[in-house]
Amino acid sequence: MDFIDLPPLLSAQGVVQLPGSKSISNRVLLLSALAGGVTEVRDLLESDDTARMLDALRALGIAVESLGDRVYRIHGVAGNFPCKRAELFLGNAGTAFRSLTAALALAGGHYTLTGVARMHERPIGDLVDALRELGADIRYLENEGFPPLEIRPSTIRSRGHVQVRGDLSSQFLTGLLMALPLTGTETTIEVVGDLISKPYIEITLATMARFGVEVVREGWQRFIVPAGDTYRSPGVVYVEADASSASYFLALGAIGGGPLRVAGVGCDSVQGDVRFADALAQMGARIETGSNWIAAAAPPSGKLRGISLDCKHIPDAAMTLATTALFAEGPTTLTHIASWRVKETDRIEAMATELRKLGAEVQTGADFMRVIPRKGDLRSPDAGIDTYDDHRIAMCFSLVSLASTLRINDPACVSKTFPEYFAAFAKVTRPVPVIAIDGPSASGKGTVAARVAAALGWHYLDSGALYRLTALACRRAGVSWRDEARVAAIAAGLDVVFGENSIRLSGDEVNDAIRDEEISSGASQVAALPTVRNALLFRQRLFRQAPGLVADGRDMASVVFPDAQTKVFLTASVEVRAERRHKQLIEKGIAASILPLLQDLRERDQRDSRRSVAPLQQSEDAMLLDTTDLTIEQAVDQVLLWSRKGS
């Protein structure tokens, strides 16, 4: 999909079973390949990043069996890759690229490692420098310090000591740690500068220990990889659920009421991102934890508060705090987030750009972000939230649907770590309800819909009025209703305000003007234009606001609000509809004859039912209401009865 429109939400609660951790999955896959013996990996994350690692292992001669239900059997090669020449494409999978670079540099083969354009912008020079200290022959194929890389056979000369910077990416240290047991000699890694993302190093050390290699850690500056330790299969390995993915649902519960529980990760987790729950607690959220679960609920007051937080311990999950801050009282400041700049995109600038689209004030620096929430309602940009091919940006901004309808562009980017994210999101959220009423012209759907909305105290959308307004605006601008491109541009820029018994176009009252028969005909013509319908799609969805919406018009139930809780197709005989239209015109003092109205409705029905875009037809899941022999009051009562059953 080019985009997904998330409906505004009333609340969020329930239980989410999280997918496996990307960080743990790719570490386990590589160590399973490097180990002696066969390893059965269960609960593996199935995503773009793990797919790139699996493809690479197969290309290197590793036997990989998929047993179904996220279970894989990896036949280890005891550190000796069978294929000594391979070209590996690793997409934008940093966990795969960095760790494989280190392992292959010590493998004695000739390899080329490439990725997507963004991967070629992500620095790797510090890791390469450290590997060259050991004698590795690694060459840059394009820009110095960046992928793609060529690795040639070389003689590794472990001098027992190697240095690596720790302030740019923990993946450099992770790659060295996992590769050095292949040398067979004791090696000390000295971290130069402050080590960021320490929790991810803890994951690396814990995973290596499961495969038989115990690294001695002296604080966070020295790591001693012992001589003679080799990787051995533990037999069966379960991949812990992803703590970073938990952050979106915990924030959802903290903002949307909750309680919302994430299953698969808890207080016994080896992942540092579980401490995201502590940050939510500082903001006032109610947090409960178990060994394998965490739950979050809104503060008793219902309002979170802004905080200042050093984010070194939760570098990925901290992104979720940037959007959570939109719902807090007071500013939120996130520091020590410099690593965001070398991820899938420059996350500091990307997040700031999209937060500003929503109306927030955002201040940024080399390693910090300060979010000052907008006073009043958040904006919903027509162009949507751009995701920069970054899964975490898409998931972070999904939280904004707790305030308004939100369009997220390129939602498929979540496949990097959580392909089923939006489906899981929908299962634990309750959207603003919609009653969609469709039907042929003059069937009374507008009158019925308006009265149902009034009875419920809900918002009302006359979608047909938007097309009438477009037709009127085109007439005023001298634009032909057949000029699709110009009509769509006018539709996208309509300045419309709906009030009780009032419709204003660019400040002018036009409620009567758009009911003119000529404008009605024009509305039918412009509504048949695909680009016009696309231009008005998001605008119509913005009318969906708490406590609910009653929307009448063409394709309300099938296209605009396919998740409407109640769908009604309201009709009547063409003769009765002609009589109703005649009566309306006469009451307004407009001269009219019944026969021309009857003929016009018959022609319009035929035209509307045959057009290629949004033809007039009853949705499969819509209830048919024939009002030929019903009063308006009876029709309204029937729709209200159906809505109560559907709620």
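The buried residues of helix α3 are G94, T95, A96, F97, R98, S99, L100, T101, A102, A103, L104 and A105, where buried means under 20% relative accessible area, exposed over 50% and partly exposed in between (1.4 Å probe, protein chains only). Please keep in mind that this is a predicted model, in which local features need pLDDT of at least 70 and side-chain atom pairs count only at pLDDT 80 or more, while totals for chains, interfaces and linings use all residues. Residues are numbered from 1 along each chain as its sequence is written, and side-chain values use heavy atoms, with hydrogens and water left out. Helices (H or I, at least four residues) and strands (E, at least two) are DSSP runs, numbered from the N terminus.

**Helix α3**

- Since 12 of the 12 residues of α3 are buried, this helix is largely enclosed by the rest of the structure.
- The 12 residues of α3 (residues 94-105) should span 16 Å at 1.5 Å a residue, and the end C-alpha atoms agree, being 16 Å apart; the expected span is 1.5 Å times one less than the number of residues.

**Aromatic pairs**

- The model has 7 aromatic pairs, counted when ring centres of Phe, Tyr and Trp (its six-membered ring) lie within 6.5 Å; planes under 30 degrees apart are stacked, over 60 edge-to-face and the rest tilted.
- One of these pairs is F249 with F418, which is tilted, with 6.1 Å centre to centre and 55° between the planes.
- F249 belongs to helix α7 (residues 243-256) and F418 to the loop between β24 (406-409) and α12 (421-427), so this pair ties together parts that are 169 residues apart in sequence.
- F418 also pairs with Y421, edge-to-face, at 5.5 Å centre to centre and 75° between the planes.
- Both F249 and F418 are buried, and Y421 is buried too.
- A single aromatic cluster is formed by Y248, F249, F418, Y421, F422 and F425.

**Arginines over tryptophan rings**

- R217 lies over the face of W220, 3.9 Å from the ring centre; the rule asks for NZ of Lys or CZ of Arg within 6 Å of the ring centre and within 35 degrees of the ring normal.
- R261 sits over the face of W293 in turn, at 3.7 Å from the ring centre.

**A four-stranded sheet**

- An open sheet of 4 strands runs in the order β4-β5-β3-β14 with mixed pairing, and two strands pair if DSSP finds at least two bridges between them.
- β4 (63-68) and β14 (236-238) stand at the edges with a single partner strand each, so one side of each is left without a neighbour in the sheet.
- Neighbouring strands here are turned by 20° against each other on average, direction ignored; the axes are lines fitted to C-alpha atoms, for helices over the stretch in contact, and angles run from 0 to 180 degrees between N-to-C directions.
- Strand β3 (residues 38-42) pairs with β14 in the parallel sense over 3 bridges, and E40 stands opposite V236 in β14.

**Strands around β21**

- Strand β19 (residues 308-310) runs parallel to strand β21 (residues 332-335), joined by 3 bridges, with T333 in β21 as the bridge partner of S308.
- On pairing with strand β23 (residues 368-372), β21 runs antiparallel over 4 bridges, and L334 stands opposite M369 in β23.

**A look at T188**

- T188 lies in strand β11 (residues 187-192) and is buried, with a relative accessible area of 8%.
- Leaving out residues up to four places away in sequence, T188 touches G160, H161, V162, R222, F223 and I224, contact meaning heavy atoms within 4.5 Å.
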